[in-house]
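This briefing is meant to be read with the sequence and the 3D structure side by side. Please look at the display first, and then follow the points below topic by topic.

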Amino acid sequence: MEAIGVLMTYPMSSYLEQELDKRFNLFRLWNLPQKNDFFKENSGSIRAVVGNANAGADRELIDSLPALEIVSNFSVGLDKVDLGHCKQKGIRVTNTPDVLTEDVADLAIGLMLATLRGICECDRYVRAGLWKKGDFKLTTKFSGKKVGIIGLGRIGTAIAKRAEAFNCPISYYSRSQKPESKYKYFPSVVELASDCDILVVACALTAETRHIINRQVIDALGPKGFLINIGRGPHIDEPELVSALVERRIAGAGLDVFEKEPHVPEELFGLDNVVLLPHVASGTVETRNAMADLVVGNLEAHFSKKPLLTPVV
């Protein structure tokens with residue numbers, strides 16, 4: 001397989017790069033100074049693309065690679081891959097589900113605790129020497145809070161199970177009610193937000209879920225409600241969230257993702273009611289290596305004419 005050209009779109013894992021280098025002829029798109037010249041010379045030899053949540057395979061890239069057979073995505077989310085165009089051209093697509101579920105769910109709980117209990121602010125308080133001047137302010141209890149989850153898939157379910165351990169009543173919204181679920185279902189996000197203390201975004205990003213968190217939802221969550229996002233940045237109308245946090249129309253937010261990563265609205269930096277993370281929900285050594293193994297395994301399966309491990313298209 002050493003002669004098979006594989007294009008990686010973005011730096012995502014040194015371990016993945018090493019494993020791909022061992023097996024394929026790997027091209028790193030971000031290292032190419034003259035991309036147009038590169039595509040003219042090499043497009044016919046590239047049979048696979050490896051993308052992630054930052055850079056996947058859009059229509060333009062797909063059309064520039066006439067020999068492309070498969071897109072192996074280093075992410076469970078596929079919003080950066082033009083799935084319809086891949087399907088139309090007979091290009092296979094895989095992702096990395098399951099292996100990152102536990103880490104993402106863990107981080108969602110971590111964000112809830114950090115946001116409600118002011119853990120990050122407490123840390124800054126101690127480091128700044130302010131404890132000597134007086135005790136830290138009282139924060140908000142997490143146990144027993146009503147948790148509403150948007151998207152009860154693998155990750156949403158894992159979050160629900162963890163929150164149950166804190167005696168949190170669980171409710172959810174999804175495209176359709178899940179008959180097998182014991183959790184309370186709401187037919188709209190506004191109704192869900194009105195009924196919960198903590199609203200968690202855990203759904204896939206699609207045209208329908210873009211800005212699923214808008215002003216109406218934020219207002220329904222209210223001044224005692226908290227918003228947690230471990231989905232994708234564009235799930236939230238970011239200017240509306242910023243104004244709600246500044247004006248204290250919601251109590252706080254814990255955000256792992258943003259609309260225009262790595263750019264984060266500067267208005268958030270000075271606020272004490274928001275916890276900001278750099279899109280690290282799956283960012284453990286163990287999980288990222290497992291994701292890399294899935295990417296490589298899917299490529300090897302495809303080029304060996306074996307069944308794909310995690311097919312999407």
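This is a predicted model: local features need pLDDT of at least 70, side-chain atom pairs count only at pLDDT 80 or more; totals for chains, interfaces and linings use all residues.

Across the interface of domain 1 and domain 2, the rule finds 2 salt bridges.

- The domain assignment divides the protein chain into domain 1, which covers 5-99 + 286-303, and domain 2, which covers 101-276.
- Taken over C-alpha atoms, the centres of domain 1 and domain 2 are separated by 32 Å.

**Where the domains meet**
- In this interface, 9 residues of domain 1 are in contact with 6 residues of domain 2.
- Between them the two domains bury about 640 Å², and 38% of this area is on carbon and sulfur atoms.
- Of the area that domain 1 buries against domain 2, 60% is supplied by Asp-79, Asp-98 and Thr-287, which is more than any other three residues supply.
- The side chain of Asp-79 also meets that of Arg-232 in a salt bridge, with 3.1 Å from N to O.
- The rule also finds 5 residue pairs in polar contact across the interface of domain 1 and domain 2.

**Helix 10**
- Helix 10 spans residues 238-246, and its buried residues are Glu-238, Leu-241, Val-242, Ala-244 and Leu-245.
- Seen down the axis of helix 10, these buried residues fall within an arc of 165°, so they line one face of the helix.
- An α-helix has 3.6 residues a turn, so residues three or four places apart point the same way.
- The cover over the buried residues of helix 10 includes helix 9 (215-221), strand 10 (226-229), strand 11 (252-255) and strand 12 (274-276).
- After helix 10 comes Arg-248, whose phi is positive, near 60°.

Definitions and conventions:
Residues are numbered from 1 along each chain as its sequence is written. Side-chain values use heavy atoms; hydrogens and water are left out. Buried means under 20% relative accessible area, exposed over 50%, partly exposed in between (1.4 Å probe, protein chains only). Helices (H or I, at least four residues) and strands (E, at least two) are DSSP runs, numbered from the N terminus. The arc is that of the directions from the helix axis to the C-beta atoms. Contact means heavy atoms within 4.5 Å. Domain bounds come from an automatic or database domain assignment. Buried area is the accessible area (1.4 Å probe) that two parts lose on being put together, summed over both. A salt bridge is a side-chain nitrogen of Lys or Arg within 4 Å of a carboxyl oxygen of Asp or Glu. A polar contact is a pair of N or O atoms within 3.5 Å; within protein, one must be able to donate a hydrogen and the other to accept it, and residues adjacent in sequence count only if both atoms are side-chain atoms.
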